[in-house]
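Here is a model to look at, followed by some questions on the terms used to describe it.

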Amino acid sequence: MQSAAEIEDVELRALYEGAERARVHRQLAQAAELFQAFADKAPPSIWRKRAITRQLLCLSGQRRWPEQEAVARARLDDSPESSASIYHFLGEAQLHQGRQAEALATLAKALEINPTLTETRNLIAVARGGRAPSASPVARWPARQDEFADLPATIRDKLLCGVRRERFVRPDSVFVTL
């Protein structure tokens, strides 16, 4: 794994390391700003690509969809080296804003560039299902042990409620724990 110590410019290294510290401590707004500042100043490199991807990841973590879309669109023009991940984040923002058809086209572009993007495939499946990922059909999991007395009913009511398509977990599923 490469280290930010490889960044030769001291100012840029400090920006990147500060952004990483903020991200690790879940200070996503600050991290997004620092990653943007780094990407704006850095020459094309693996570090710039990572900064752009992490900036979009921080915006996604804050559910700032319109801003995420704007940043992704701006970065598509000036950063072709990370276009698959940028298309992914652009499609995610479009999906969360209720524009499924547009999101499907954008996510398909991401897969054309890099067909191994599992998370992009997941977003496509959600978009084809016709509901945004934030509109989860899963009910709140029981907080007390006595609510698990009837496990099949708990699974049916808490995991399977509202699921329209083929179910990953079905009433006849068997769970194994170690």
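The questions below concern a helix pair and a pocket.

This is a predicted model, in which local features need pLDDT of at least 70 and side-chain atom pairs count only at pLDDT 80 or more, while totals for chains, interfaces and linings use all residues. Residues are numbered from 1 along each chain as its sequence is written, and side-chain values use heavy atoms, with hydrogens and water left out.

Q: Why are α6 and α7 called roughly antiparallel to each other?
A: Helix α6 (residues 100-113) and α7 pack at an angle of about 155°. Angles run from 0 to 180 degrees between N-to-C directions, and those over 145 count as roughly antiparallel. The pair is therefore roughly antiparallel. The axes, lines fitted to C-alpha atoms over the stretch in contact, are 10 Å apart.

Q: What makes residues of α6 and α7 count as meeting?
A: Contact means heavy atoms within 4.5 Å. Among those that meet are Leu104, Leu107 and Leu111 in α6, and Leu123, Ile124 and Ala127 in α7. By class, this contact has 8 nonpolar, 2 polar and 2 charged residues.

Q: Which residues line the second largest pocket?
A: Lining residues have an atom within 4 Å of a point of the pocket. They include Thr53, Ala84, His88, Phe89 and Glu119. Two or more residues each come from α3 (46-61), α5 (83-96) and α7 (118-129), and the largest share, 4 residues, comes from α5.

Terms used
1 Å grid on protein atoms, 1.4 Å probe; cavity = no way out; pocket = protein on both sides within 12 Å on 5 of 7 lines; lining within 4 Å. Parallel < 35°, antiparallel > 145°, perpendicular 65-115°, else oblique. Nonpolar A, V, L, I, M, F, W, Y, C, P; charged D, E, K, R; others polar.
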